[in-house]
Amino acid sequence: MATCTHLDSIEITELPESTDGCVDCLREGGQWLHLRICLTCGNVGCCDDSPNRHATAHNKSSGHPIIRSLEPGEDWSWCYVDNLGMRIPQITGHTRIPPSPLGG
């Protein structure tokens, strides 16, 4: 079974209480479908099904490897470098998010 080799990059272990949405979409006037949080710095970006794919853009510009879904009922994480999905039990909390502007 494959194992993520970037778990040592995790700095965010407690999810924020709430977020206003994808920080780049909010700044640019864009729209998101689903929200992801960078587990290195806490940046909130939009998923690859969103028009601007800000979570992946953040990974490419920062090199931060692991994101976690902020969607209600989802507790999965993704390592871009290892191309691997996983659950990380050390990540705790739930984040209140606004409805998607795209209705997803």
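Contact here means heavy atoms within 4.5 Å.

## Ground rules

This is a predicted model, so local features need pLDDT of at least 70 and side-chain atom pairs count only at pLDDT 80 or more, while totals for chains, interfaces and linings use all residues. Residues are numbered from 1 along each chain as its sequence is written, and side-chain values use heavy atoms, with hydrogens and water left out.

## His58 and its surroundings

Let's start with His58, which is found in helix H2 (helices are DSSP runs of H or I with at least four residues, strands are E runs of at least two, and both are numbered from the N terminus). Setting aside residues up to four places away in sequence, His58 touches Cys38, Cys41, Asn43, Gly63 and His64.

Is His58 buried or exposed? With a relative accessible area of 16%, His58 is buried (buried is under 20% relative accessible area, exposed is over 50%, and partly exposed is in between, using a 1.4 Å probe and protein chains only).

## The nonpolar core

The largest nonpolar core has 18 residues, and Leu39, Ile66 and Ile88 are those with the most contacts inside it (such a core is a set of buried Ala, Val, Leu, Ile, Met, Phe, Trp, Tyr and Cys residues joined through side-chain atoms within 4.5 Å). Strands E1 (35–38), E2 and E5 are the elements that give two or more residues to this core.

As for Ile88, its contacts beyond four places in sequence are Leu7, Ile10, Leu39, Ile66 and Ser77.

## Salt bridges

Side chains of opposite charge can pair when their charged atoms come close. The structure holds five salt bridges (a side-chain nitrogen of Lys or Arg within 4 Å of a carboxyl oxygen of Asp or Glu). One of them joins Asp24 and Arg27, with the closest N and O atoms 2.7 Å apart. These two sit three residues apart in helix H1 (residues 23–28), so about one helical turn separates them. Asp24 is buried at 14%, whereas Arg27 is exposed at 59%. Glu28 joins in too: Asp24, Arg27 and Glu28 are linked in a network of salt bridges.

Glu74 is partly exposed at 31%, but Arg36 is buried at 9%. Then there's Asp75 with Arg87, whose closest N and O atoms are 2.5 Å apart; Asp75 is in the loop between E3 and E4 and Arg87 is in strand E5, 12 residues apart. Here Asp75 is partly exposed at 35% and Arg87 is exposed at 60%.

## Positive phi in two loops

Which residue between strand E2 (44–46) and helix H2 (54–62) lies in the loop? That's Arg53, a non-glycine with a positive phi of about 50°. At 48% relative accessibility, Arg53 counts as partly exposed.

Asn83 also isn't a glycine, and its phi is positive, near 55°. This residue lies in the loop between strand E4 (76–79) and strand E5 (84–87), and Asn83 is exposed at 57%.
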